[in-house]
Amino acid sequence: MTNQSTIPVIVNGAAGKMGREVIKAVAQAPDMILMGALDTSPEHQDKDAGELAGLSEPLEVPITNQLEPMLGYVAGERQMAPGVMVDFTHPDAVYDNVRSAIAYGIRPVVGTTGLSPEQIQNLTDFAEKASTGCLLIPNFSIGMVLLQQAAVTASQYFDHVEIIELHHNQKADAPSGTAIQTAQLLAELGKTFNIPQVEETEKILGARGSLAEEGIRIHSVRLPGLIAHQEVIFGAAGQIYTLRHDTSDRSCYMPGVLLAIRKVNQLKSLVYGLEKIL
Ligand SMILES: NC(=O)C1=CN([C@@H]2O[C@H](COP(=O)(O)OP(=O)(O)OC[C@H]3O[C@@H](n4cnc5c(N)ncnc54)[C@H](OP(=O)(O)O)[C@@H]3O)[C@@H](O)[C@H]2O)C=CC1
Ligand SMILES: O=C(O)C1=N[C@H](C(=O)O)C[C@H](O)C1
């Protein structure tokens, strides 16, 4: 049974690793209804989204690659709450997907990483002009929010820090969106980290990782067998303080995704980061 508070949800990237988890989570949420499942992958066209996600019953929602007709269809729905598009696609696709959703009045909840700072600024301006809520969430797990909070606390007392992020080797973007956000949060303190103690030479290019904001270095590891992991390592004379988060199953992101779907309809602009809506 749907009513004015039921949230119609479109999942973009529905056949992917995260998309399938989101389909299951939305199907089990009493206040949501899956209205569309988008994916460009040719082998999954027209398959039932529920069956593809491993549910025992079909959801009668076929996978399609027709974004604009789907946005128009959900935008025309007047018996329910405004529609939400959850995006877990690809760094090359997410910017256009979000622009299209906002243009149709559909609220984006974006997990896809790899947007450039300029793209994030453009989407911020676009959402502001449209007075439409939009959530960009580099990491939906509560454990990562807690790690980042602990890292911000530690960074007040340590002047040296490096980040190591480790992911499966199907990941398209590096460094991870989470590592970039973590460095940004530490940089907000306004101090410069890792002032060089000696003149360093990289004998192999990249040996010291990528240089993010305020001197913070990020090292990216890609291996089969990994899912998503991050260490933030602080150093000072005579001590090392290490924070680590490990993902063992993508279901860890689902409470955050469902929270974001519920919150985005209360927003009138773009908000970046799960910590802002907890
Ligand atoms: N914020 C968070 O907490 C998390 C974020 N992520 C991010 O989410 C994104 C997706 O991750 P993941 O599910 O592992 O990736 P997958 O590759 O498993 O899934 C992505 C899916 O999107 C499809 N796709 C690609 N381009 C488009 C498009 N233009 N429109 C619709 N579908 C498209 C892909 O099809 P095809 O395979 O044919 O290209 C694929 O089926 C990544 O950016 C990742 O970093 C991941 C985990 C958590
Ligand atoms: O690609 C992934 O898997 C993940 N991507 C996000 C990122 O780039 O930070 C979130 C999480 O690390 C998993």
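Colleague: Which strands does H7 lie across?

Modeller: H7 lies across E7, E9 and E10, and runs at about 165 degrees to E7, where helices (H or I, at least four residues) and strands (E, at least two) are DSSP runs numbered from the N terminus, and angles run from 0 to 180 degrees between the N-to-C directions of axes fitted to C-alpha atoms, for helices over the stretch in contact. This is a predicted model, in which local features need pLDDT of at least 70 and side-chain atom pairs count only at pLDDT 80 or more, while totals for chains, interfaces and linings use all residues. Residues are numbered from 1 along each chain as its sequence is written, with chains lettered from A and ligands numbered from 1 in the order in which they are written.

Colleague: And H6, what does that lie across?

Modeller: Helix H6 (residues 142–155) lies across E7, strand E10 (228–236) and E11, and its direction is at about 165 degrees to that of E11.

Colleague: In what order do the strands of the five-stranded sheet come?

Modeller: The order is E8-E9-E7-E10-E11 in an open sheet with mixed pairing, two strands being paired if DSSP finds at least two bridges between them. Strand E8 (210–211) and strand E11 (239–247) are at the edges with a single partner strand each, so one side of each has no neighbour in the sheet. Within this sheet, E7 pairs with strand E9 (residues 217–222) in the parallel sense over six bridges, and leucine 166 has valine 221 in E9 as its bridge partner.

Colleague: Switching to helix pairs, which residues of H3 and H4 meet?

Modeller: Leu67, Glu68 and Leu71 in H3 meet Asn97, Ser100 and Ala101 in H4, contact being counted when C-beta atoms, placed from the backbone, lie within 7 Å. By class, three residues of that contact are nonpolar, two polar and one charged. Here Ala, Val, Leu, Ile, Met, Phe, Trp, Tyr, Cys and Pro count as nonpolar, Asp, Glu, Lys and Arg as charged, and the others, Gly among them, as polar.

Colleague: How do the axes of H1 and H8 cross?

Modeller: They come within 10 Å and cross at roughly 65 degrees, with Glu21, Val22 and Ala25 of H1 in contact with Met254, Val257 and Leu258 of H8. That contact has five nonpolar residues, no polar ones and one charged.

Colleague: What surrounds ligand 2?

Modeller: Its shell is made of Thr113, Pro138, Asn139, His167, Lys171, Ser176, Gly177, Thr178 and Ala228, a residue being near if its C-beta atom, placed from the backbone, lies within 6 Å. Two of these residues are nonpolar, six polar and one charged.

Colleague: Which residues come nearest to ligand 1?

Modeller: Gly13, Gly16, Met18, Ser41 and Ala93 come nearest, out of 26 residues around ligand 1.

Colleague: Where is the cis peptide bond joining alanine to proline?

Modeller: The cis bond joins alanine 174 and proline 175, with omega about -5 degrees, and proline 175 is in the loop between strand E7 (160–167) and helix H7 (177–187).

Technical notes: Two residues are in contact if their C-beta atoms, placed from the backbone, lie within 7 Å.
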